[in-house]
Amino acid sequence: MSDPASSVSAVPADGFDPSPGPPHLVQSLANTLSADPDVDHLRTREQATAWLRTAALLPAEAGLSNSEHAALLRLRESIRDVLAAHTDGREDAQAAARLTKALAEGRLVLTVDPESTVQLASAARASYPSIVAAVAIAIAIAGSAASGTWLRLKSCPAPHCGRSFRDDSPSSAARYCSRHVA
């Protein structure tokens, strides 16, 4: 078992620079869907597999089943729903529950290496649960950060946007991505 989030090199689907560190994966996954209905980097199993390989989340020899592809789309949508709630400064119990359910497939465990370093890892042997674990670990790291990184990940409410962005404003009150700030 290894930490699947430690080697993440996900690239933004649209050229936007993602947040540094662990939120990068969460933001990159959320941004695989564009407000443009023709741009969905996970639309088909083949496209999703290619994106996951580019993001170093799926080995070259592995693929996705139809049910794993559907679960990946649910994971992305639940993340986007939670980020929208962050943007609005509101709680969304249903979105949180959907994300919790989607992340459960990661089967996270604590591991301890010979140097007594404790970290989260996936107990799963299959590729898809390891992908979910990588996202869950990224969220857990972001959520436990003293800086409040998880709550600073938001989605732009501008018409035809919806891009995930990190709110770096001192008050954490930004609502729009850099493309839509006046």
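The model is predicted: local features need pLDDT of at least 70, side-chain atom pairs count only at pLDDT 80 or more, and totals for chains, interfaces and linings use all residues. Residues are numbered from 1 along each chain as its sequence is written, and side-chain values use heavy atoms, with hydrogens and water left out.

**Overall make-up**

- The protein has six helices and four strands, where helices (H or I, at least four residues) and strands (E, at least two) are DSSP runs numbered from the N terminus.
- Along the sequence, these elements follow the pattern α-α-α-α-β-β-α-α-β-β.
- Of the 182 residues, 43% count as buried, meaning under 20% relative accessible area with a 1.4 Å probe and protein chains only.
- Among contacts (heavy atoms within 4.5 Å) with a separation of 6 or more, 50% come from residues 24 or more positions apart.

**Helices α1 and α3**

- Helix α1 (residues 23-30) packs with helix α3 (residues 66-88) at an angle of about 105 degrees, the axes being 9 Å apart; axes are lines fitted to C-alpha atoms over the stretch in contact, and angles run from 0 to 180 degrees between N-to-C directions.
- The two helices are therefore roughly perpendicular, a term for angles of 65 to 115 degrees.
- On the α1 side V26, L29 and A30 take part, and they meet L72, L75, R76, I79, R80 and L83 of α3.
- By class, this contact has seven nonpolar, no polar and two charged residues; Ala, Val, Leu, Ile, Met, Phe, Trp, Tyr, Cys and Pro count as nonpolar, Asp, Glu, Lys and Arg as charged, and the others, Gly among them, as polar.
- The 23 residues of α3 should span 33 Å, which agrees with its end C-alpha atoms being 33 Å apart; the expected span is 1.5 Å times one less than the number of residues.
- G89 follows α3 and has a positive phi, near 65 degrees.

- Leaving aside neighbours within four places in sequence, the contacts of K154 include L83, H86 and T87.

- Not counting residues up to four places away in sequence, T49 touches L58, A62, G63 and L64.

Definitions and conventions. Parallel < 35°, antiparallel > 145°, perpendicular 65-115°, else oblique. Buried < 20%, exposed > 50% of the residue type's maximum accessible area, 1.4 Å probe, protein only.
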